[in-house]
Amino acid sequence: MALKDLMDSFKKNPVDKLNTRDLQEEEIRLKNRMERIRKDINRIEKDKKQKFQEGVGSDLMKKKMLAQEIKQMDTEARLKLKNFTTINKQYMFVSNLIVVKKYEQDLKKNKIWDKISEIGPENFESALIKTSLTGKDFEEVLNDLNRVFEMDITDFEAGEDEAESQLLDAWSSVESGAMDVDEVEQTLSLEKSLEKEREENEF
């Protein structure tokens, strides 16, 4: 079952009508997609670092040309990271739904099931994205579900960066000996953002 069909089914049917096997198959598909995107981002980051190294000691015109190339690579990587983040949220939702299904009978004996049954599909999806239930026992799952249902749902949008200015400053720092190429890698790389997403997936 494709994710769209799965989500349509979730919006039309209560949780207890969802098929666990369909959820597990979708979980695997989403995990594989995230891994492919992660590899693409790592490749782009290596290319960006190589371009930056080419600029060390170059004249200003060369640096500006390289800066434009790096900015284009950065845009591509950020688009992939945005896609990764979207898929990661879907993955978290599906993985947590699997756990809810696992403890379905126990949850039905608790008031938390009333919240699950009454909350709208979009709000339930948002709540499940904010936690990680995989690998936890029933009491931990119950506590986490109670906690996320009390949380405010907020969205996050990243602001614009000043890529060329940062790159020129970084080159200046390397050429003056204040920093080396490895130290400025954080300025160039989206790896930390991606790593944060991956850590949220590790159980």
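Read from the N terminus, the elements of the protein chain follow the order α-α-α-α-α-α-α-α-α-α. This is a predicted model, in which local features need pLDDT of at least 70 and side-chain atom pairs count only at pLDDT 80 or more, while totals for chains, interfaces and linings use all residues. Residues are numbered from 1 along each chain as its sequence is written, and side-chain values use heavy atoms, with hydrogens and water left out. The protein chain holds ten helices and zero strands; both are DSSP runs numbered from the N terminus, helices being H or I with at least four residues and strands E with at least two.

Of the 203 residues in the protein chain, 38% are buried. Buried here stands for under 20% relative accessible area, exposed for over 50%, and partly exposed for what lies in between (1.4 Å probe, protein chains only). The accessible surface amounts to about 12300 Å², and carbon and sulfur atoms contribute 45% of that; such areas come from the Shrake-Rupley method with a 1.4 Å probe, and for residues only the protein chains shown count as cover. Among contacts (heavy atoms within 4.5 Å) with a separation of 6 or more, 79% join residues 24 or more positions apart.

Lys63 counts as buried because its relative accessibility is 11%. Beyond residues up to four places away in sequence, Lys63 touches Gly55, Ser58, Leu168, Trp171 and Glu175. The C-alpha atoms of Lys63 and Leu167 are 8.8 Å apart, although 104 residues separate them along the chain. Ala67 also lies in helix α3 and has 0% relative accessibility, so Ala67 counts as buried. Its C-alpha atom is 8.4 Å from that of Lys51, 16 residues away along the chain.

Helix α7 (residues 138–150) has 13 residues, which at 1.5 Å a residue should span 18 Å; the end C-alpha atoms are 19 Å apart, in agreement. The expected span is 1.5 Å times one less than the number of residues. The buried residues of α7 are Phe138, Val141, Leu142, Asp144, Leu145, Val148 and Phe149. They lie on the same side of α7 because they cover an arc of only 165 degrees around the axis, the arc being that of the directions from the helix axis to the C-beta atoms. Their cover includes α3, α4 (104–107), α5 (112–118) and α6. At the N-terminal end, Asp137 caps α7, with a side-chain oxygen 3.3 Å from the backbone nitrogen of Glu139. Apart from neighbours within four places in sequence, Asp144 is in contact with Thr131, Ser132, Leu133 and Lys136.

Two aromatic pairs are found in the whole structure. Rings of Phe, Tyr and Trp (its six-membered ring) pair if their centres lie within 6.5 Å; planes under 30 degrees apart are stacked, over 60 edge-to-face, and the rest tilted. Phe52 and Trp171 are stacked, at 5.2 Å centre to centre with 5 degrees between the planes. This pair links distant parts of the chain, with Phe52 in helix α2 (residues 20–55) and Trp171 in helix α8 (residues 163–175), 119 residues apart. Both Phe52 and Trp171 are buried. Tyr103 and Phe138 form a tilted pair, 5.6 Å centre to centre with 55 degrees between the planes. Tyr103 lies in the loop between α3 and α4 and Phe138 in helix α7, so this pair ties together parts 35 residues apart in sequence.

Notes: A polar contact is a pair of N or O atoms within 3.5 Å; within protein, one must be able to donate a hydrogen and the other to accept it, and residues adjacent in sequence count only if both atoms are side-chain atoms.
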